[in-house]
Each structure stands twice: as structure tokens, then as C-alpha cells.
Amino acid sequence: MSEEGGADGDGGRGAFARASWANVLGNVAKIVAEGGAGLVFGSVALLADAAHSLADLVASVVVLVWGRSAFDEPDDTHPHGHARIEPLTALFVGSLIALLGLNLLYRSVRGLIAEPDIEFSVLLLAALGFSIVDMYLVYRYTIGINERLQSTALTALAKDCLNDIYTSVAAIVGVLGVLVSYPILDPVAGGLVSLLVVYQGVEIGRENVDYLIGAAPGPEKRAEITDRLRSHAAVEGVHDLTVFYDGTVLEVEVHAEVDGDMPFREAHDIESELVDRLRGVEDVGDAHVHLDPSGIGEWKDSADEH
């Protein structure tokens, strides 16, 4: 979540809760529609998709209950705030999705080995059509709210909504296979659904692990930060630049070289200006700038060489 999003206070927390509730209710509706139709007519693809939504429901509840803590202000036990709670929540969502995908893959393989016993009904298509519309509306609502919040947890839920649409389309292929006397397409569709689910879960997890372990951004961001510092008239060099993720925002630590004979108050004002410049860079949450007299050459790493 961006610093701007976190600064919204109760307004941001309320918007986050509304998006989370939309995902909870949307998944409940999808589970009832697909699960009921899948049980009645014996469709592996629909049961797989409904089971996927059951895990999505758990993930949505976790985001609703746990993710809002990211909006809490810094305190004595968390002096840097609670920003890392959000990627931790998103990591949980991704892990749950990946584990569910593996379970669905196992069930689909069993369906391929056993003789499929599926009865076609237009209600199967109706349930899938309802699920697609349901998830699309939840997806649009979630990304609409998240345009302001930039929450990684809501991003994970939105991606999973989109993933649900794809899996429902795959399930439709399986149901149509039953209609044209190729019931084997139902477990095949379930298998394709499961692979997509695993991939989505792994991608969500990989992204949020980087946020949690303080990974560095790409070289483009480092170059942008260096250019922002070098564009200040008083800065003669930049060295010992460190940029890393603290939760979902970037922390910057850097030494800037200036005229060593300038008055202390002027140096202080320059330092404040540089910090403000860095905080204006997209995704940067905070910056720590140390001023060094130029020409000494005692530093271990010059950012100007990269």
C-alpha cells in the first residue's frame, strides 16, 4: 500500500473493508451457484471451481480481518508502522490459492482415470454464466477502489477474481463437452483450471515475498533516484545508495556530496530539500540523506558509476 493510501486513515480503512466485503459476498454467491449445480449433476469442473471459490472466500475473510491492520498508525511496538502486514496477507492468499490448485489437479487426474459420470443440464451453463458476471462485477469494484489505495492485498483479490472468470470459461468448455458426448472434457477442463490456479498463486506469493524480505527494485528506479538527487544544483556527487522495499513502499538511504564549506543551516536546508525530492518519487515512502563534503573520496560505492 502506498504512503498516500496509508495516510487516508479511516477513509482508506473503510474503502478497504468495502472491497473486502464485496469479495466475501461475491465468493459466497459463486460457491452456492456452482457448488449446487456441480453436486446435482456430477460436474468435476464446477465442483473444482466452487472449491476454488471456497479458498477464495477464506482468503477474502483473512484480508478483511487482517489486512485492515496495515492502516494502523506507528506505535511503540511497531515504530515503522504496520505496512508489512499487507504483503503478508497477500502472501497468505497466494499460498492458499496455490495449495488449492494442487488439490484440484489431483481431483482432475482422478476424473480422467475414472469413467466420468456427468449429466448435462442447461443449469450448469446458467450457474457458470452467473459466476462469470458475479466475479466480473466484484473485480471491477475491487480495482476501482484500489486505484486510490494501491493495496497489494486487494490486488491479489482482484487478480483472483479475474482468474475465476478464466476458470469458469474453462468449466464451460467441459460442460459443452458433455453436451456433445465428450464427457472427458470435463476433467480436462478441471485440470486446466487447476494449473492456472497454481500459477496465479505462485505469482502472487513471489511478488509479496520480495516486499517482505526487503528486496531491491530494478535498476531503473535506482537510476531515477540518482537523477533526482543529481538534478539539485548543490549536489556534486552521490554515493552509498541503498534502495529497498519496506513492506510495499521503498526506503532510500543515500549519501550526497556537497560543498564542505557551506554554512550548517544551509546544508540542513539542502538535506531537507533532497528528502522531499526523494519522497516525491513514485513508490518511495521515506528517505534518509546524509551530506558529505565533496572531494574526499572515502566512500565505498559511487552511485554515479552505475
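Biologist: Why does Ile97 count as buried?

Modeller: In this predicted model, Ile97 has a relative accessibility of 1%. Buried means under 20%, so Ile97 counts as buried.

Biologist: Where is Ile97, and which residues is Ile97 in contact with, leaving aside its neighbours within four places in sequence?

Modeller: Ile97 lies in helix H4, residues 85-113. With neighbours within four places in sequence set aside, Ile97 touches Asp56, Asp160, Val197, Gly201 and Ile204. For Ile204, which is 107 residues away along the chain, the C-alpha separation from Ile97 is 9.1 Å.

Biologist: What makes Ser194 buried?

Modeller: The relative accessible area of Ser194 is 0%. The cut-off for buried is under 20%, so Ser194 is buried. Ser194 belongs to helix H7, residues 185-212.

Biologist: Why is H5 called roughly antiparallel to H6?

Modeller: Helix H5 (residues 122-149) packs against helix H6 (residues 152-179) at about 165 degrees. Angles over 145 degrees count as roughly antiparallel, so H5 is roughly antiparallel to H6. The axes of H5 and H6 are 8 Å apart.

Biologist: What is the handedness of the crossing of H5 and H6, and how do the residues of their contact divide by class?

Modeller: The crossing is left-handed. The contact of H5 with H6 has 21 nonpolar residues, five polar and one charged.

Biologist: How do you know that H6 is roughly antiparallel to H7?

Modeller: The axes of H6 and H7 cross at roughly 170 degrees and come within 8 Å. Against the cut-off of over 145 degrees, that makes H6 roughly antiparallel to H7. The contact of H6 with H7 consists of 14 nonpolar, seven polar and three charged residues.

Biologist: What makes S1 and S3 the edge strands of the sheet?

Modeller: The sheet is open, has three strands in the order S1-S2-S3, and its pairing is mixed. Strand S1 (237-246) and strand S3 (284-293) each pair on one side only, and they are the edge strands. Neighbouring strands in this sheet are turned against each other by 15 degrees on average, direction ignored.

Biologist: How do you know that S2 and S3 pair, and in which sense?

Modeller: Two strands pair if there are at least two bridges between them. Strand S2 (residues 249-258) pairs with S3 over nine bridges, in the parallel sense. Glu257 stands opposite Asp292 in S3.

Biologist: Which helix packs on the sheet touching S1, S2 and S3, and which lies across S2 and S3?

Modeller: Helix H8 (residues 219-230) touches S1, S2 and S3, and its direction makes about 135 degrees with that of S1. Helix H9 (residues 264-279) lies across S2 and S3 and runs at about 150 degrees to S3.

Biologist: How many helices and strands does the chain have, and what share of its residues is buried?

Modeller: The chain has nine helices and three strands. Of its 306 residues, 49% are buried. Among contacts between residues at least 6 apart in sequence, 76% join residues at least 24 apart.

Key
Residues are numbered from 1 along each chain as its sequence is written. This is a predicted model: local features need pLDDT of at least 70, side-chain atom pairs count only at pLDDT 80 or more; totals for chains, interfaces and linings use all residues. Side-chain values use heavy atoms; hydrogens and water are left out. Axes are lines fitted to C-alpha atoms, for helices over the stretch in contact, and angles run from 0 to 180 degrees between N-to-C directions. Helices (H or I, at least four residues) and strands (E, at least two) are DSSP runs, numbered from the N terminus. Angles under 35 degrees count as roughly parallel, over 145 as roughly antiparallel, 65 to 115 as roughly perpendicular and the rest as oblique. A crossing is left-handed if the near helix is turned anticlockwise from the far one by less than a right angle, and right-handed if clockwise. Ala, Val, Leu, Ile, Met, Phe, Trp, Tyr, Cys and Pro count as nonpolar, Asp, Glu, Lys and Arg as charged, and the others, Gly among them, as polar. Buried means under 20% relative accessible area, exposed over 50%, partly exposed in between (1.4 Å probe, protein chains only). Contact means heavy atoms within 4.5 Å.
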